[in-house]
Amino acid sequence: MNFQVTGLGLDKMKLDSPQSFLEQEEVEEAEDGQLLEPEAWRTYVERRNTLQEFLTSDLSPHLLKRHHARMELLKKCSYYIEILPKHLALGDQNPLVLPTTMFQLIDPWKFQRMKKVGAAQTKIQLLLLGDLLEQLDHGRSELDALLESPDPRPFLAGWGLVEQRLADLSAVMDSFLAMMVPGRLHVKHRLVSDIGATKIPHIRLMLSTKMPVMFDRKESVAHQDWVSLRWFVTIQQAVPEQFELRYKLLDPRTQQECMQCGIIPVAACAFDIRNLLPNRAYKFTVKRAESYTLVYEPWRDSLTLHTRPGTPEGPAPSRLGKLGPSLIAPSER
């Protein structure tokens with residue numbers, strides 16, 4: 001759908017007139033009204049108001065900005081397979097089978113295959129979300145350009161197409177909102193192998209989302225030969241989580257300095273690393289510890305800190321390098 005947007009006729013304005021730009025706009029609207037019959041003009045005003053209301057409510061810049069922020073957050077999330085068992089066969093007195101028990105029944109090879117399917121489904125869903133959001137941005141730009149046209153006649157002539165465009169954009173928005181939440185994982189094959197039982201439990205697999213782990217950049221600070229790291233999760237889980245903290249010295253100058261790196265399992269949202277080299281840059285990354293149900297984790301937060309210069313009274317940097325880093329949790333300080 002193409003709408004021709006004509007010029008605004010700025011060369012015809014009387015710039016030396018005492019009228020304000022607001023008054024000039026009112027004059028232009030009055031002139032536009034003279035191009036149409038009174039009934040057609042009322043129809044034009046009503047339809048223009050309808051379009052403006054759609055752009056300020058259903059497709060407002062604030063709403064699109066918020067959806068872009070949510071999209072960026074989803075790109076940083078971790079995605080997992082969640083097992084939702086159902087009741088066993090009718091008449092069985094056994095209670096719900098717990099997820100830990102279900103893992104004992106699920107074929108490990110089939111489950112690993114299912115994780116690959118889950119990763120592919122998540123990637124496709126994120127791509128579709130990005131495409132839908134791009135359609136919403138483009139649609140708003142089109143409608144904005146239509147509102148800026150000074151000639152009401154093309155607007156009225158193409159109103160049928162405008163109505164269809166509004167309906168299409170509403171459908172795109174509905175699809176976008178529905179796809180924001182990970183849904184059921186499509187299972188083509190039975191995951192539970194033949195266990196020699198007459199009643200095989202029913203399994204339902206869902207894709208679940210966990211918010212990204214991010215460093216607290218205000219609370220994470222570097223000292224002369226140690227750093228204090230803090231991180232957080234936007235929505236805390238009901239059970240304590242395990243994290244994996246990595247660090248490495250940037251631009252090592254000797255073979256010994258190449259040893260300034262490591263991977264640290266942490267069961268809290270804070271950790272201190274000591275015996276680092278002064279006046280050097282270190283890179284740190286944090287993420288959740290590996291989980292059997294993890295299917296897709298496209299992002300991990302990283303932070304670079306520069307330790308403070310050493311004092312003349314302190315030990316030489318070469319000695320610090322030989323000592324190697326010391327790992328101390330906050331509770332041990």
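**Close-up views of a predicted model**

Buried residues (under 20% relative accessible area, with exposed over 50% and partly exposed in between; 1.4 Å probe, protein chains only) make up 36% of the 333 residues in the chain. The model is predicted, with local features requiring pLDDT of at least 70 and side-chain atom pairs counted only at pLDDT 80 or more, while totals for chains, interfaces and linings use all residues. Residues are numbered from 1 along each chain as its sequence is written, and side-chain values use heavy atoms, leaving out hydrogens and water.

**Figure 1. The largest nonpolar core.** A nonpolar core is a set of buried Ala, Val, Leu, Ile, Met, Phe, Trp, Tyr and Cys residues joined through side-chain atoms within 4.5 Å. The largest one holds 63 residues, of which Leu 229, Trp 231, Leu 245, Ile 273 and Phe 284 touch the most other members. Helix α5 (residues 108-147) gives the largest share of this core, 11 residues. Because domain 1 (40-179) and domain 2 (212-307) both contribute residues, the core lies between them; the domain bounds come from an automatic or database domain assignment. Helices (H or I, at least four residues) and strands (E, at least two) are DSSP runs, numbered from the N terminus.

Figure 2. Contact means heavy atoms within 4.5 Å. Not counting residues up to four places away in sequence, Leu 229 touches residues including Phe 215, Leu 245, Ile 273, Phe 284 and Leu 305. Thr 285 is found in strand β9 (residues 281-288) and counts as buried, at 14% relative accessibility. Leaving aside neighbours within four places in sequence, the contacts of Thr 285 are Phe 215, Glu 244, Leu 245, Arg 246, Arg 300, Asp 301 and Ser 302.

**Figure 3. Lining of the second largest pocket.** Of the 11 lining residues, Tyr 80, Ile 81, Glu 82, Lys 210 and Thr 293 are the closest to the centre of this pocket. Strand β1 supplies the largest share of the lining, 5 residues. β1 (78-85), α4 (99-105) and β2 (203-210) each provide at least two lining residues.

**Figure 4. Two loop residues with positive phi.** Asp 251, in the loop between β6 (243-249) and β7 (261-266), has phi near 55°, a positive value in a residue other than glycine. Asp 251 is exposed, with a relative accessible area of 65%. Asn 275 is placed in the loop between β8 (270-274) and β9, and its phi is near 60°, also positive in a residue other than glycine. At 24% relative accessibility, Asn 275 counts as partly exposed.

Methods. On a 1 Å grid over the protein atoms alone, a cavity is a set of points where a 1.4 Å probe fits but cannot get out, and a pocket is an open set with protein on both sides within 12 Å along at least five of seven lines; lining residues have an atom within 4 Å of a point.
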